[in-house]
Amino acid sequence: KKYSDKDSQYTIGLMKVMYEKFHIRNSLACPAFYDYVVNMESYKPIWSVFMMGCNKPSIFNPHTYYSILKECFKGEVLFAPVMGWNSYQIGFYNSNFRHFISTDVIPSTVSNCDLIHKEYLNQHTSLFDEPKTIDTYLCPSEQLGDSFINKYREKVDTVLFSPPYFDLEVYGDGEQSISSFPLYNNWLEGYWEQTLKLCKAVMKPNARLGFVISDYRGNPNFCNDMCDVAKKYFNLDETYQVKWGSIKMSRVPEKQKNGNLE
């Protein structure tokens, strides 16, 4: 996983500078790390030190996903239009929901669903509780189409996910939405609006939908843009803040000075 390689502060950009220009970032030369780096017996620990100072993609905490489900949603059938690196699935197993439907564009993420479900079934020992079930798809959510809608029409109680942040994170596998819609306005219409329309079609009349987003550097209007599209199909019920934990350091990154919130 990587952020856009256009930004020198992201992992790929920092590695290119270090190995092509022989420049190292200041965090590797500061007193906190200097002795550790120059005295280590193996090159391997330098990777952990290097990554501590990099901006990198986040993976949604499965416990947080479960907690949001528990506090804000109810029902039996849960739909996630992206898989969140399988973290939503793990959160689902701990919830009261009985059936999980999800899709993603990265083949390895989808295949991992089967491995995780087999492990869940191996650990399921209750004689009084039927095991939970899942349906997974390798397909962009905006392309699931009529067959998907006809199969699940008005069967979903809850939709909960964190959608892609347009061009913030770039991956090497799968048919990413930004590949299909490289222009922002086209992406809002082609990916985001079509995904919401699909969700609306498969949701029960009283079902609830939630998505986790935040503004980010280079796109300070992202939240408003995403919510404006959502309001075409859903009524805004409530807005919450998710505060993510982070390593306590004396130097606080600019983006976290007001809290690491989504």
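Predicted model: local features only at pLDDT ≥ 70, side-chain atom pairs only at ≥ 80, totals over all residues.
1. The structure contains an open sheet of five strands, arranged in the order β4-β3-β2-β5-β7 and paired in the parallel sense. Its edge strands are β4, residues 133–138, and β7, residues 203–211, each of which pairs on one side only. From one strand to the next, the twist averages 15 degrees.

2. Strand β3 and its neighbours. β3 covers residues 99–104, and its pairing with β2, residues 77–80, is parallel and runs over four bridges. With β4, the pairing of β3 is also parallel and extends over six bridges. H99 can be followed through both pairings, for H99 is the bridge partner of V77, while in β4 the bridge partner of H99 is T133.

3. Burial of β3. This strand is mostly covered, with six of its six residues buried.

4. Helix α8, for its part, lies across β2, β3, β4 and β5, and runs at about 170 degrees to β4.

5. The packing of α8 with α10. Helix α8 spans residues 145–152, and its axis and that of α10 come within 8 Å, crossing at roughly 30 degrees. Because this angle falls under 35 degrees, the two helices are described as roughly parallel to each other. On the α8 side the meeting involves G145, F148, I149 and Y152, and on the α10 side L198, A201 and V202. By class, the residues of this contact are six nonpolar, one polar and no charged.

6. The packing of α10 with α11. Helix α10, residues 184–202, also packs with helix α11, residues 222–230, here at an angle of about 45 degrees and with the axes 10 Å apart. That angle makes α10 oblique to α11, and the crossing of the two is right-handed. The contact is formed by Y184, W187, L188, W192, E193 and L196 of α10, together with F222, D225, M226, V229 and A230 of α11.

Methods. Residues numbered from 1 in each chain as written. Heavy atoms only, no water. Axes fitted to C-alpha atoms, helices over the stretch in contact; angles between N-to-C directions. Parallel < 35°, antiparallel > 145°, perpendicular 65-115°, else oblique. Left-handed = near helix turned anticlockwise from the far one by under 90°. Contact = heavy atoms within 4.5 Å. Buried < 20%, exposed > 50% of the residue type's maximum accessible area, 1.4 Å probe, protein only. Pairing = 2+ DSSP bridges. Nonpolar A, V, L, I, M, F, W, Y, C, P; charged D, E, K, R; others polar.
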